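Subject: Structure for you to look at

Hi,

Here is the structure I promised to pass on. Have a look at it first, then read my notes below.

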Amino acid sequence: MGTNSYSMIIMLVAMVAIFYFLLIRPEKKRKKEEENLRSNLKVGNKITTIGGIVGKIVDMHDENIVIETSADRVRMELAKWSVMTNNTAKENAQKARQEAQAAAKERAEQRKKEKEEKKKKAKKGLD
């Protein structure tokens with residue numbers, strides 16, 4: 001009876017751990033990212049709301065933001081929690097990623113040229 005109860009306890013602990021790592025922890029992480037997104041909003045950012053409205057932030061209050069949605073300058077006041085994505089931040093991150101990739105590619109090409117020059121020098125030294 002002792003080994004059966006130990007295995008039952010181990011299985012229960014394993015199930016709790018699985019639920020934590022597969023359900024609870026990712027949800028907390030997602031909520032933290034959303035809160036961080038909403039707290040970092042600034043006037044001038046382009047955003048997309050949960051309902052799919054795209055606009056530019058023109059004014060901010062404690063819990064609300066005012067966005068301009070189109071060329072004819074339609075303004076809407078929305079709750080901050082309705083913001084789904086910060087398109088300006090995404091665009092900036094994408095630009096930074098592309099710049100970093102270009103810099104890495106340039107460094108790789110520079111290293112390749114240096115290796116070729118070393119080979120040429122070594123070959124000249126042997127001749």
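This is a predicted model: local features need pLDDT of at least 70, side-chain atom pairs count only at pLDDT 80 or more; totals for chains, interfaces and linings use all residues.

You'll find Y20 in helix α1, which covers residues 2-39. The structure has one aromatic pair. The rings of Y20 and F21 sit with their centres 5.1 Å apart and their planes at 80°, so this pair is edge-to-face. Y20 and F21 also belong to a nonpolar patch on the surface, together with M15, I18, F19, L22, L23 and I24. Taken together, the patch has about 820 Å² of accessible area.

Now for the charged side chains. There are five salt bridges in the structure, and I'll walk you through some of them.

- R30 and E27 meet through their side chains, at 2.4 Å from N to O. They are about one helical turn apart, because three residues separate them along helix α1. R30 is partly exposed at 36% relative accessible area, and E27 is partly exposed too, at 32%.
- E34 and R38 form another salt bridge, at 3.8 Å from N to O. Both are in helix α1, four residues apart, or about one turn of the helix. With a relative accessible area of 27%, E34 is partly exposed, whereas R38 counts as buried at 14%.
- E68 and R75 are bridged at 3.3 Å, again N to O. Here E68 counts as buried, with 16% relative accessibility, while R75 is exposed at 52%.

Finally, which residues make up the positive surface patch? They are R107, R111, K115, K118 and K119. Take K119 as an example: it lies in helix α2, which spans residues 87-126. K119 counts as exposed because its relative accessibility is 64%, and the cut-off for exposed is over 50%.

Cheers

Key: Residues are numbered from 1 along each chain as its sequence is written. Side-chain values use heavy atoms; hydrogens and water are left out. Patches are made of residues with over 30% relative accessible area and no salt bridge: like charges are joined within 9 Å, nonpolar side chains (Val, Leu, Ile, Met, Phe, Trp, Tyr) within 5 Å. Accessible areas come from the Shrake-Rupley method with a 1.4 Å probe; for residues, only the protein chains shown count as cover. A salt bridge is a side-chain nitrogen of Lys or Arg within 4 Å of a carboxyl oxygen of Asp or Glu. Lys and Arg count as positive and Asp and Glu as negative; His and the chain ends are not counted. The place of a charge is taken as NZ of Lys, CZ of Arg, CG of Asp or CD of Glu. Helices (H or I, at least four residues) and strands (E, at least two) are DSSP runs, numbered from the N terminus. Buried means under 20% relative accessible area, exposed over 50%, partly exposed in between (1.4 Å probe, protein chains only). Rings of Phe, Tyr and Trp (its six-membered ring) pair if their centres lie within 6.5 Å; planes under 30 degrees apart count as stacked, over 60 as edge-to-face and the rest as tilted.
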